[in-house]
Amino acid sequence: MKVLVIGGGNMGLTYSQGMAKSSLLNRKKLMIYDTSTEKQESLKDDGLFDVYDDLERCLPDADIVFIAVKPYHCDELFPKMKPMLNYQQIFVSLMAGVTIGKIQEDLGVKKVVRTMPNLPAKVGLGVTSYTESEEVTRVELLMVRNLLDTTGESIRVKNENFINASTGISGSGPAYVFYFMQSMLAAAKKMGFSDNDSKVLVSMTFEGAVKLFNESDITPLKWMDRVASKGGTTRAALDSMKDNNVEKLIEEAAYAAFDRAVELGEE
Ligand SMILES: NC(=O)c1ccc[n+]([C@@H]2O[C@H](COP(=O)([O-])OP(=O)(O)OC[C@H]3O[C@@H](n4cnc5c(N)ncnc54)[C@H](OP(=O)(O)O)[C@@H]3O)[C@@H](O)[C@H]2O)c1
């Protein structure tokens with residue numbers, strides 16, 4: 001199985017590195033094509049993959065093609081790709097908002113997997129949601145899933161609406177966590193902690209809470225009950241969040257991202 005990644009930027013490089021470092025592919029089986037000369041040089045320096053500046057020399061050889069360019073690059077890229085494709089190739093799109101139907105139509109292909117990656121893929125803790133066109137077989141989907149899993153975990157969703165929905169949860173989600181962290185850092189500094197102490201207090205609190213959650217089968221709600229005793233400090237904080245309707249605000253933010261993902265798909 002030969003894999004080609006088109007676009008060696010943030011996401012293309014992240015997935016390429018995940019696949020290259022896994023036992024699934026060796027160097028000769030992983031190709032990257034990028035139009036930027038500067039990018040090609042730095043990809044070559046990585047020494048993990050075969051780097052191409054000419055689509056004709058790599059695209060016809062690929063069994064699975066990851067498309068990791070910006071959505072607006074498609075207008076230029078797809079017409080170049082179209083004459084070199086064959087009906088057995090599988091296309092895995094990392095592009096936000098580009099539908100399976102558009103990829104099938106513009107490339108004249110059938111087998112398409114659409115994904116929604118997220119940023120922690122950079123450190124092997126990403127979550128990729130994905131869904132596929134009906135022409136992708138179970139075995140092919142398993143191969144794609146194994147490749148996606150090299151950057152963390154993946155979740156198969158029923159249809160493209162859930163790809164847009166996962167944009168609102170996991171795709172844009174890391175920024176919500178950073179927002180929360182930033183607010184807690186600001187509060188810590190206002191209370192008089194140094195920059196370094198604030199960072200340790202906040203980052204360990206997040207890391208510890210996530211580990212506790214992952215290593216138990218207790219819901220966040222139950223964890224909140226456990227730490228918040230009546231009349232205590234944590235209860236005072238949670239009551240303040242409840243009074244300010246923070247839960248509703250977070251839900252609205254997630255839906256704003258979901259709605260925007262739908263809009264982008266329609267543009
Ligand atoms: N970054 C994220 O957190 C994230 C999250 C979810 C989804 N995504 C999706 O991932 C995709 C890639 O995003 P990114 O942040 O990785 O973009 P990026 O860093 O800009 O990488 C895209 C790369 O593709 C190159 N390129 C442009 N046109 C090309 C062409 N015709 N053929 C081959 N290569 C070409 C670009 O070169 P130039 O720099 O010279 O243009 C650049 O090196 C996007 O569609 C985005 O929606 C990203």
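Leu4 stands opposite Val65 in β4, a strand being a DSSP run of E with at least two residues and a helix a DSSP run of H or I with at least four, both numbered from the N terminus. This residue pair belongs to the link between strand β1 (residues 3-6) and strand β4 (residues 64-67), which run parallel and are joined by four bridges; two strands are said to pair if DSSP finds at least two bridges between them. The model is a predicted one, in which local features need pLDDT of at least 70 and side-chain atom pairs count only at pLDDT 80 or more, whereas totals for chains, interfaces and linings use all residues. Residues are numbered from 1 along each chain, in the order in which its sequence is written.

The chain contains 11 helices and eight strands, and its C-alpha trace spans about 70 × 35 × 30 Å along the principal axes. Of its 267 residues, 30% are buried, where buried stands for 20 or more other C-beta atoms within 10 Å of a residue's own, exposed for 12 or fewer, and partly exposed for the values in between, with C-beta atoms placed from the backbone.

Eight strands form an open sheet with mixed pairing, in the order β3-β2-β1-β4-β5-β6-β7-β8. At its edges are β3 (50-52) and β8 (152-156), each of which pairs on one side only. On average, neighbouring strands of this sheet are turned by 25° against each other when direction is ignored. Strand β4 also pairs with β5, in the parallel sense and over four bridges, and within this pairing the bridge partner of Phe66 is Val92 in β5. In strand β5 (residues 90-93), Ile90 and Val92 point one way while Phe91 and Ser93 point the other way, and all of these residues are buried.

Further along the sheet, β6 and β7 pair in the antiparallel sense over four bridges, and Arg114 stands opposite Thr131 in β7. Strand β7 is mostly covered, seven of its seven residues being buried. Gly126, Thr128, Tyr130 and Glu132 point one way from β7, whereas Val127, Ser129 and Thr131 point the other way. Helix α6 (residues 160-171) lies across β6 (112-116) and β7 (126-132), and it runs at about 170° to β7, the angle being taken from 0 to 180 degrees between the N-to-C directions of lines fitted to C-alpha atoms, for helices over the stretch in contact.

Around the ligand there are 25 residues, of which Gly7, Gly9, Ser36, Met95 and Ala96 come nearest; a residue is near if its C-beta atom, placed from the backbone, lies within 6 Å of the molecule or strand in question. At least two residues of this shell are supplied by each of α1 (10-21) and α3 (74-81), and the largest share, three residues, comes from α1. By class, the shell holds 12 nonpolar, nine polar and four charged residues, with Ala, Val, Leu, Ile, Met, Phe, Trp, Tyr, Cys and Pro counted as nonpolar, Asp, Glu, Lys and Arg as charged, and the others, Gly among them, as polar.

The loop between α1 and β2 (30-33) contains Ser23, which counts as exposed because it has 6 C-beta neighbours inside 10 Å. Ser23 and Thr150 are 127 residues apart in sequence, yet their C-alpha atoms are 9.3 Å apart in space.

The chain is divided into domain 1 (3-158) and domain 2 (173-266), the bounds coming from an automatic or database domain assignment. The C-alpha centres of domain 1 and domain 2 lie 34 Å apart. Six residues from domain 1 and five residues from domain 2 take part in the contact, and the side of domain 1 that touches domain 2 has three nonpolar, three polar and no charged residues.

Asn245 lies in the loop between α10 (233-243) and α11 (246-266). Most residues other than glycine have a negative phi. Asn245, although not a glycine, has a positive phi of about 60°, and it is classed as exposed because 11 other C-beta atoms lie within 10 Å.

Methods. Two residues are in contact if their C-beta atoms, placed from the backbone, lie within 7 Å.
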